[in-house]
Amino acid sequence: MTWDCVALSGDIDRAAVPSLRAELCAFVLRTTGDVALNCADLTSIDRDGVRSLIALRAGLMRDGRRLHFVQLSEALSREIFERVDPQFPPASGVVGLSSA
């Protein structure tokens, strides 16, 4: 399995989402494998940021690709997945948002 990796850093909030979407869209267009988001330097993400990642996942799935999170802290994992589904238990390590 080949993953194309892009790093996320800092705070992803409403103000950052337009440039994040543009960067991720360009990245997806020039790659062909699954996409891995390296979150080692990501400090926070708000609802708008999470929505942009959900949209990214949906676009990748339409192309038969998957979205993965790498080096996602447990706190941010909980923050992201509770926004998606409060009943979803967070995982540590590498997390794929789609079924294996």
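Here is a short chat about a few spots in this predicted model.

Visitor: Which residues in the largest nonpolar core touch the most other members?

Guide: In general, nonpolar side chains of soluble globular proteins tend to be buried together. Here the largest such core has 23 residues, and the elements giving two or more of them are β1 (3–12), α1 (17–29), β2 (34–45), α2 (47–62), β3 (67–70) and α3 (74–84). The members that touch the most others are L37 and F69.

Visitor: Is V28 buried or exposed?

Guide: You'll find V28 in helix α1. Its relative accessible area is 16%, and the cut-off for buried is under 20%. So V28 counts as buried.

Visitor: And which residues is V28 in contact with, leaving aside neighbours within four places in sequence?

Guide: Take G59 as a landmark: 31 residues away along the chain, its C-alpha atom is separated from that of V28 by 9.2 Å. With the sequence neighbours set aside, the contacts of V28 are V35, L56, L60 and R65.

Visitor: What does the side chain of D34 make a polar contact with?

Guide: D34 sits in strand β2 and is buried, yet has no salt bridge. The nearest side chain of opposite charge, R66, is 4.4 Å away, while a salt bridge needs the atoms within 4 Å. There is a side-chain polar contact at 3.1 Å, though, and the partner is H68.

Note on methods: Residues numbered from 1 in each chain as written. Predicted model: local features only at pLDDT ≥ 70, side-chain atom pairs only at ≥ 80, totals over all residues. Heavy atoms only, no water. Core = buried A, V, L, I, M, F, W, Y, C linked by side-chain atoms within 4.5 Å. Buried < 20%, exposed > 50% of the residue type's maximum accessible area, 1.4 Å probe, protein only. Helix = DSSP H or I, 4+ residues; strand = E, 2+ residues; numbered from the N terminus. Contact = heavy atoms within 4.5 Å. Lys, Arg positive; Asp, Glu negative; His and termini not counted. Polar contact = N/O pair within 3.5 Å; in protein donor to acceptor, adjacent residues only side chain to side chain.
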